[in-house]
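Dear colleague,

I am handing over the structure we spoke about, with the sequence alongside. Below it you will find my notes on what was found.

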Amino acid sequence: MGATGKDRPKLFDSGKRVDGRSVDSLRSIKIEARVLNDADGSAYIEWGKNKILAGVYGPSECIPRHDQSLYRAVIKCRYNMAPFSGMEEHGRSGPNRRSKELSKVIKEAFENVIISENFPKTQIEIFVEVLQSDGGTRCAAVTAAAVALADAGIPMKDLINAVAVCKIDGQMAVDPGKEEDNFGESDMPMAFSPRTGDILLFQMDGLLSRDELAEGIGLARKASEKIRKIQVDAIAKVYDEPKEERFLVIK
Amino acid sequence: MESINEIKRDVLSAVLAAGKRADSRGMYDYRKIVVQPAILQNAEGSAMASIGKSQVMVGIKFDIAAPFADRQNEGVLSTSADLLPLASHLFETGPPSEEAIELARVVDRGIRSSNTIDLQSFFLEEGKVLALYVDIYTLDHDGNLIDCSSLAAMSALLSARMPKIEEGKIIRGEFAGKLPIKEKVVTCTFGKIGERMFLDPSLDEEKGMDCRMTLATTSEQLCAAQKGGWGTYSERDIMELLDISMEKGKGLRELL
């Protein structure tokens with residue numbers, strides 16, 4: 001981020017972004033729910049070139065016992081990137097500092113909406129695998145995980161989703177792609193509870209003025225409404241067109 | 001869990017003794033197999049394969065690495081397997097289990113010993129070679145992950161493109177033709193309960209079976225094998241399984 005010099009491409013020019021989008025348009029988003037057999041709930045999302053799989057298990061007995069709560073289900077989350085998910089060199093498998101942080105903030109977003117009091121002494125596990133990354137993986141992960149949780153029948157106060165905004169050549173824009181993420185002036189991912197408007201995940205880096213912050217949140221909120229429709233459609237499709245076999249199809 | 005496996009074994013062996021299988025397959029029938037090649041763009045090669053409800057994804061990446069000390073003129077082939085916790089309630093997070101390491105090594109041996117990839121062509125210069133990473137990513141576990149993984153790995157290798165190299169560096173997103181593959185290696189895995197042997201064990205059958213045998217073959221020869229479990233095989237069993245593997249291999253190769 002904030003790279004300067006001759007390598008930095010022009011990101012915003014005469015109303016258009018590098019990939020031709022306007023400031024308030026999202027990349028294409030497709031969600032398919034119920035793609036795995038063993039997981040209690042699952043969802044696959046293609047968001048731009050991101051390809052991400054979410055699987056949910058639970059509520060089940062919380063192991064190890066010392067993690068248990070007498071009052072609620074413990075939410076666990078593992079966000080992980082496949083070693084072949086990036087364009088660059090082969091990644092290392094297993095958690096790193098970044099994936100641990102993202103697992104934590106994603107888990108905390110869901111702790112607000114999962115009605116965990118219904119399931120004392122249990123755990124609900126959310127597993128996110130980034131199969132292909134293209135910028136904005138944590139937002140796509142939250143969006144897919146919410147659908148997977150709904151597919152698992154976990155009671156939630158709301159179907160949440162997430163989207164980032166960025167600042168590119170002084171302009172606020174929604175859903176940064178990989179280039180905008182790498183070269184933009186700032187990046188601000190956030191998750192919303194669309195029903196209440198509450199912000200459940202909020203991160204930011206780079207530089208923003210007070211006005212730009214407000215503009216960014218507004219842009220993200222609008223985009224979040226569009227994403228919610230796609231999530232609802234994905235869940236409805238599972239019941240409208242029941243599948244004989246669960247199967248991940250990647251195009 | 002022990003007692004459930006005992007019960008499963010009793011039921012399965014009763015069904016198998018009657019010459020039948022719980023899901024009404026023949027003894028040497030595969031479940032439905034689907035292979036999807038070239039599904040990812042960032043990886044140099046990729047594929048998905050499913051056998052019944054088992055689903056495995058494989059991604060191929062190339063990097064530049066130092067050669068092994070005893071093989072200075074050869075590239076590096078590295079195969080690893082992740083039994084992802086989202087694939088099964090039986091899998092946990094953490095360092096690779098014995099099962100994951102065995103899976104990766106069996107798939108690796110098939111690819112390596114068949115010489116399907118010419119590792120000498122991966123030599124770049126003194127102390128610099130290409131490394132080829134085959135990452136097995138299990139997404140759904142309903143038994144026979146070995147055959148499912150080797151199908152996905154072979155399909156991914158067949159779809160893989162050679163990276164473009166300039167001044168000793170890989171230019172990402174640009175390619176220099178396809179990865180040359182000499183042989184389509186496939187594996188056939190058989191379970192055994194009592195004296196009964198059967199192809200493509202489901203997860204239930206795996207839980208109840210005494211042992212398993214995996215045979216990796218090219219169109220002409222056996223190229224790797226692995227026995228698992230506590231049971232035993234006679235020489236005649238192994239010869240019989242090789243004949244079936246050679247026959248079944250033809251059908252598997254047609255899917256690639």
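At what angle do helix α2 and helix α3 of chain B pack, and how far apart are their axes? Please bear in mind, before the answer, that this is a predicted model. Helix α2 of chain B, residues 98–113, packs against helix α3 of chain B, residues 145–159, at an angle of about 45 degrees, and their axes are 10 Å apart. The crossing in which α2(B) passes α3(B) is right-handed. On the side of α2(B) the contact is made by B:L103, B:V106, B:V107, B:G110 and B:I111, while α3(B) brings B:L145, B:I146, B:S149, B:S150 and B:A153. Sorted by class, the residues of this contact are 7 nonpolar and 3 polar, with no charged residue.

Chain A has a helix pair that can be described in the same terms. The axes of α2(A) and of helix α4 of chain A, residues 210–240, come within 10 Å and cross at roughly 30 degrees, and here too the crossing in which α2(A) passes α4(A) is right-handed. The residues that make the contact are A:T143, A:A146, A:V147, A:A150 and A:D151 from α2(A), together with A:I227, A:Q231, A:A234, A:I235 and A:V238 from α4(A). By class, the contact of α2(A) with α4(A) has 7 nonpolar, 2 polar and 1 charged residues.

Turning to the place where the two chains meet, 33 residues of chain B are in contact with 27 residues of chain A. On the side of chain B that touches chain A, at least two residues each are supplied by β2 (45–51), β3 (54–65), β4 (76–83), β6 (128–140) and β8 (169–178) of chain B. The largest share of that side comes from β3(B), with 6 residues. Its residues divide by class into 13 nonpolar, 12 polar and 8 charged.

Next comes the interior. In soluble globular proteins, nonpolar side chains tend to be buried together. The largest nonpolar core in this model has 136 residues, and those with the most contacts inside it are A:A54, A:V142, A:A144, A:A145, B:V56, B:V58 and B:A152. Helix α2 of chain A, residues 137–151, gives the most to this core, with 11 residues. If residues up to four places away in sequence are left aside, A:A54 touches A:S42, A:A43, A:I126, A:F127, A:V128, A:A141, A:A144, A:A145 and A:A148.

A:L53 is also worth a look, and its place is in strand β5 of chain A. A:L53 has 29 other C-beta atoms within 10 Å and is therefore buried, since 20 or more are what buried requires. Leaving out residues up to four places away in sequence, A:L53 touches A:Y44, A:E129 and A:L131 in chain A, and B:L86 and B:L139 in chain B. A:L53 and A:A43 are 10 residues apart in sequence, and their C-alpha atoms are 6.0 Å apart in space.

The peptide bond from A:G58 to A:P59 is cis, with omega near -5 degrees, and A:P59 lies in strand β5 of chain A, residues 50–61. The peptide bond from A:I63 to A:P64 is likewise cis, with omega near -5 degrees, although A:P64 has its place in the loop between β5 and β6 (74–81) of chain A.

Two residues other than glycine have a positive phi. A:S14, in the loop between β1 (12–13) and β2 (16–17) of chain A, has a phi of about 40 degrees, and A:S14 is exposed, with 4 other C-beta atoms within 10 Å. B:A38, in the loop between β1 (33–37) and β2 of chain B, has a phi near 50 degrees, and B:A38 is partly exposed, with 17 other C-beta atoms within 10 Å.

Finally, B:P95 is found in the loop between β4 and α2 of chain B, where B:P95 is exposed, with 8 other C-beta atoms within 10 Å. B:P95 and B:D82 are 13 residues apart along the chain, and their C-alpha atoms are separated by 9.3 Å.

With best regards

Key: Residues numbered from 1 in each chain as written. Chains lettered and ligands numbered in written order. Predicted model: local features only at pLDDT ≥ 70, side-chain atom pairs only at ≥ 80, totals over all residues. Contact = placed C-beta atoms within 7 Å. Helix = DSSP H or I, 4+ residues; strand = E, 2+ residues; numbered from the N terminus. Nonpolar A, V, L, I, M, F, W, Y, C, P; charged D, E, K, R; others polar. Axes fitted to C-alpha atoms, helices over the stretch in contact; angles between N-to-C directions. Left-handed = near helix turned anticlockwise from the far one by under 90°. Core = buried A, V, L, I, M, F, W, Y, C linked by C-beta atoms within 7 Å. Buried ≥ 20, exposed ≤ 12 C-beta atoms within 10 Å, placed from the backbone.
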